[in-house]
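Look at the structure shown here and keep the sequence beside it.

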Amino acid sequence: VYESPYGSILHPDDGSEWAGQNWISHQGTGPTGGLGVALLNDGTYSFSVHDGVMCMSVLRGARDMDPRMDEGRNELHYAVCGHDGSHHDADMPARALAFNRGLRVLQERHHYGELPNWGARNNNYSLPARHSFFSVEPANIAVGAVKVSEDDWNPSHVVIRLHETAGVDATAYVHTWVPPVIVRETNHIE
């Protein structure tokens, strides 16, 4: 199973090379059919699987597109991750996202919050969740993009692109600290 834009797709394990995004997962068959292994990466081009061997292509040599493609020094990061059950059971999209967007630490000096009506000088030194830009639930709903609508470039017309990661029907909830004026469902082309 290969990650694709806003989902995943099953490709045969016949050695053919297929485009992928941040992860692929291969699940065994037979008596240990519930066990699997995933290969996470930070943006390579393609993968293949043959006889249980997972391969990752890390450079492209297509000179017709860009004669200088992938020249010079290249750096990549990857991880091998074992799991029980399917890639859905292992929450592979979230694992790959965590791998690709690691925790960034910012050291801030110790200070009291100054928000009105929030118990100035009597808080835990952080903003309450109600001041989060937005949050989504349930856990199998992922945010793919937050951007200005391409229709008219009005900065007050914001698109929040969501997708479901576990392969099941779900109702998504978006929580914002500023109530939206209008909410419309659209497709990924918008």
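Y6 is found in the loop between β1 and β2. The model is predicted: local features need pLDDT of at least 70, and side-chain atom pairs count only at pLDDT 80 or more, while totals for chains, interfaces and linings use all residues. Residues are numbered from 1 along each chain as its sequence is written, and side-chain values use heavy atoms, with hydrogens and water left out. The names of helices (H or I, at least four residues) and strands (E, at least two) refer to DSSP runs, numbered from the N terminus.

Y6 has a phi near 60 degrees, a positive value in a residue other than glycine. Most residues other than glycine have a negative phi, and most peptide bonds are trans. Is Y6 buried, partly exposed or exposed? Y6 is partly exposed, with a relative accessible area of 32%; here buried means under 20% relative accessible area, exposed means over 50%, and partly exposed lies in between (1.4 Å probe, protein chains only).

D91 is another loop residue to look at. D91 sits in the loop between β8 and α1, and its phi, near 55 degrees, is a positive value in a residue other than glycine. With a relative accessible area of 35%, D91 is partly exposed. In the loop between β9 (134–137) and β10 lies P138, and the peptide bond that leads from E137 to P138 is cis, with omega near 5 degrees.

Now take the chain as a whole. The protein has one helix and twelve strands, and along the sequence they follow the pattern β-β-β-β-β-β-β-β-α-β-β-β-β. Of the 190 residues in the protein, 23% are buried. Contact means heavy atoms within 4.5 Å. Among contacts between residues at least 6 apart in sequence, 47% join residues at least 24 apart.

G34 gives an example of residues brought together from separate parts of the chain. G34 lies in the loop between β4 and β5 and is partly exposed, with a relative accessible area of 36%. Its C-alpha atom is separated by 5.7 Å from that of D84, although the two residues are 50 residues apart along the chain. Leaving aside neighbours within four places in sequence, G34 is in contact with Q27, H83, D84 and G85.

Which residues of α1 are buried? The buried residues of α1 are M92, P93 and A96. They lie on the same side of α1 because they cover an arc of only 100 degrees around the axis, where the arc is that of the directions from the helix axis to the C-beta atoms. An α-helix has 3.6 residues a turn, so residues three or four places apart point the same way. The buried residues of α1 pack against β4 (23–27), β5 (35–41) and β8 (78–84).

M92 is in contact with W23, A38, L40, C81, H83 and H87, leaving aside its neighbours within four places in sequence.

The last topic is empty space. Rolling a probe the size of a water molecule over the atoms shows where such space is left. On a 1 Å grid over the protein atoms alone, a pocket is an open set of points where a 1.4 Å probe fits, with protein on both sides within 12 Å along at least five of seven lines; lining residues have an atom within 4 Å of a point. The largest pocket has a volume of about 1300 Å³, a volume being the space filled by probe spheres set on the points, which are joined across faces, edges and corners. Its lining has 30 residues, and V158, V159, I160, V183 and R184 lie nearest its centre. Which strand gives the most to this lining? β11 does, with seven residues.
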